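Subject: Structure handover

Hello,

The sequence and the structure are placed below, followed by notes on what was found. Please read the notes with the coordinates open.

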Amino acid sequence: DPHFSQAAFTPFQAGLALHSLARLEALTAARAANAAAYQELLQDSAVARPVQPQRGTVPAYLRFPLLPGEEAPEGWARRAANRSLGVSRGFPLALHYLEELIPHLDTGGAIYPGASFLARHLVTLPTHDHVRPQDRRAIAHHILIRASRAEAPAAPAASRWKAKTKEGARP
């Protein structure tokens, strides 16, 4: 952001930053523990596939990334997103399609299918230190069971009318 303010912190902001900095190691450890628990809960899934970190790296796990597995139904990422559980879609669009960024990118008109795939399919799970074991289980259940159900085909218009009006009787 070229208009980012570099003004000094207020005393409250400075205190909050110092408090968070003192807890950084514990916060990072909690995120890593939550990521390890998700990894274990989802390890045998054919529906959701945890994104593996590059060999030799230590991820900070601000969120735990998932991609659809081999048996994920079409539209899995959309159904997996659940605000009340903290399950989010990764990106609305691939970054090279965001109008605000286009003038700042030198893509030479290139298309990035990997970025577009991630924008359509990436789902992330919360890893903050307030995520409890029962939260992780509820999230894993949602990912593995609820989001993995294939959507039923839309009913014909006449059937929808009948269902809405109890046996087709007009209101």
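I start with Tyr61, which sits in the loop between strand S1 (48-50) and strand S2; helices (H or I, at least four residues) and strands (E, at least two) are DSSP runs, numbered from the N terminus. Although Tyr61 is not a glycine, its phi is positive, at about 50 degrees. Tyr61 is buried, with a relative accessible area of 15%; buried means under 20% relative accessible area, exposed over 50%, and partly exposed in between (1.4 Å probe, protein chains only).

Conventions and confidence

This is a predicted model, in which local features need pLDDT of at least 70 and side-chain atom pairs count only at pLDDT 80 or more, while totals for chains, interfaces and linings use all residues. Residues are numbered from 1 along each chain as its sequence is written, and side-chain values use heavy atoms, with hydrogens and water left out.

The mean pLDDT (the predictor's confidence in each residue, from 0 to 100) of the protein is 84, and 84% of the residues reach 70 or more. Confidence is highest in strand S4 (residues 123-126), at a mean of 96, and lowest in helix H5 (residues 157-164), at 43. Over residues 152-171 pLDDT stays under 50, and the model has eight contacts beyond four places in sequence for that stretch. Contact means heavy atoms within 4.5 Å.

Overall layout

There are five helices and four strands, in the order α-β-β-α-β-α-β-α-α from the N terminus on. Of the 171 residues, 25% are buried. Among contacts between residues at least 6 apart in sequence, 67% join residues at least 24 apart. The protein exposes about 12,500 Å², of which carbon and sulfur atoms supply 59%; accessible areas come from the Shrake-Rupley method with a 1.4 Å probe, and for residues only the protein chains shown count as cover.

Nonpolar core

A nonpolar core is a set of buried Ala, Val, Leu, Ile, Met, Phe, Trp, Tyr and Cys residues joined through side-chain atoms within 4.5 Å. The largest one has 20 residues, and those with the most contacts inside it are Leu42, Phe64, Leu66, Trp76, Val123, Leu125 and Ile143. H1, strand S2 (63-68), H2, S4 and H4 each give two or more residues to this core. Not counting residues up to four places away in sequence, Ile143 touches Leu42, Val47, Ala48, Leu66, Trp76, Ala80, Val87, Leu125 and Ser148.

Val87 belongs to the loop between H2 and S3 and is buried at 3% relative accessibility. Beyond four places in sequence, the residues that Val87 touches include Arg63, Val123, Leu125, Ile139 and Ile143. Pro126 is 39 residues from Val87 in sequence, yet their C-alpha atoms are 6.7 Å apart.

Polar residues under cover

Asn82 is found in the loop between helix H2 (76-80) and strand S3 (88-89), and counts as buried at 17% relative accessibility. Its side chain makes a polar contact of 2.7 Å with that of Ser84. A polar contact is a pair of N or O atoms within 3.5 Å; within protein, one must be able to donate a hydrogen and the other to accept it, and residues adjacent in sequence count only if both atoms are side-chain atoms. Leaving aside neighbours within four places in sequence, Asn82 is in contact with Val87 and His142.

Asn34 lies in helix H1 and is buried at 3% relative accessibility. The Asn34 side chain reaches the backbone oxygen of His128 at 3.0 Å. With neighbours within four places in sequence left aside, Asn34 is in contact with Thr127, His128, Val131 and Arg136.

Salt bridges

How many salt bridges does the structure hold? It holds two, a salt bridge being a side-chain nitrogen of Lys or Arg within 4 Å of a carboxyl oxygen of Asp or Glu.

In one of them, Asp129 pairs with Arg23, the closest N and O atoms being 2.9 Å apart. Asp129 lies in the loop between S4 and helix H4 (133-146) and Arg23 in helix H1 (residues 11-42), so this pair ties together parts that are 106 residues apart in sequence. Asp129 is partly exposed at 32% relative accessibility, and Arg23 is partly exposed at 34%.

Asp135 and Arg132 also meet in a salt bridge, at 2.9 Å from N to O. Asp135 is partly exposed, with a relative accessible area of 21%, and Arg132 is partly exposed at 44%.

Regards
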